[in-house]
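Let's take a walk through a protein model together. Have a look at the structure first, and then we'll go through its surface, its helices and its charged pairs.

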Amino acid sequence: MTLSEAELKDFEAAARPMIGWLNRNCHPHVTVLIDPTSAELCEGIATFRTNEYIPDDRPGPTLAPHQERVIQEKVELDEKLKKLNDFFKTETFSSLGYGDTALLTRQFEHMLRYSETLGERIAAFGLINHLTQGEQIE
């Protein structure tokens, strides 16, 4: 699918209200999946990926070594984000002083932006059309 400049602007105009709503009403791990008939709020709890069951004769994405490293880096970063987010809900976190909680919160925000940037890089690899149904590269 290719979008014209005007279509990209229309898409951005349509997406901005939902992005704003998510930021006002949800925590950073909530996403929205939108299709022609529905909008679904999703919260990533756990991810497991495997190519183990894909037949050898089935065409799949061919990844360059640097692409594999970027994908692995994002997977590892997202695991760390989940652990830090879980830590925010503990009594230990609640007992920390303002300085520590502010730094940890800022760390989380930077890690989240880093994860989003890695996701944009992965999307730029052009692999999305080659993914199996139900498989996502985040």
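What does the accessible surface of the protein come to, and how much of it belongs to carbon and sulfur atoms? The surface comes to about 10900 Å², and carbon and sulfur atoms hold 54% of that. Areas like this come from the Shrake-Rupley method with a 1.4 Å probe, and for residues only the protein chains shown count as cover.

A quick note on what you're looking at: this is a predicted model, where local features need pLDDT of at least 70, side-chain atom pairs count only at pLDDT 80 or more, and totals for chains, interfaces and linings use all residues. Residues are numbered from 1 along each chain as its sequence is written, and side-chain values use heavy atoms, with hydrogens and water left out.

**The overall layout**

The protein has four helices and two strands, in the order α-β-β-α-α-α from the N terminus on. Both kinds of element are DSSP runs numbered from the N terminus: helices are H or I with at least four residues, strands are E with at least two. Of the 138 residues, 19% are buried; that label means under 20% relative accessible area, while exposed means over 50% and partly exposed is in between (1.4 Å probe, protein chains only).

**Helix H1**

H1 covers residues 5-25, which is 21 residues. There's a bend of about 30° at Ala15, and Pro17 follows within four residues. The bend is the angle between axes fitted to the seven residues ending at a residue and the seven starting there.

**Charged pairs**

Side chains of opposite charge can pair when their charged atoms come close. A search of the whole structure turns up four salt bridges, each one a side-chain nitrogen of Lys or Arg within 4 Å of a carboxyl oxygen of Asp or Glu. Here are some of them, including the N to O distance:

| Pair | Distance |
|---|---|
| Arg16 and Glu12 | 2.7 Å |
| Asp78 and Lys74 | 2.7 Å |
| Glu116 and Arg113 | 3.0 Å |

Arg16 and Glu12 sit four residues apart in H1, about one turn of the helix. Arg16 counts as exposed because its relative accessibility is 55%, whereas Glu12 is partly exposed at 39%.

Is Lys74 buried or exposed? Lys74 counts as buried, because its relative accessibility is 6%.

Methods
Expected span 1.5 Å × (residues − 1).
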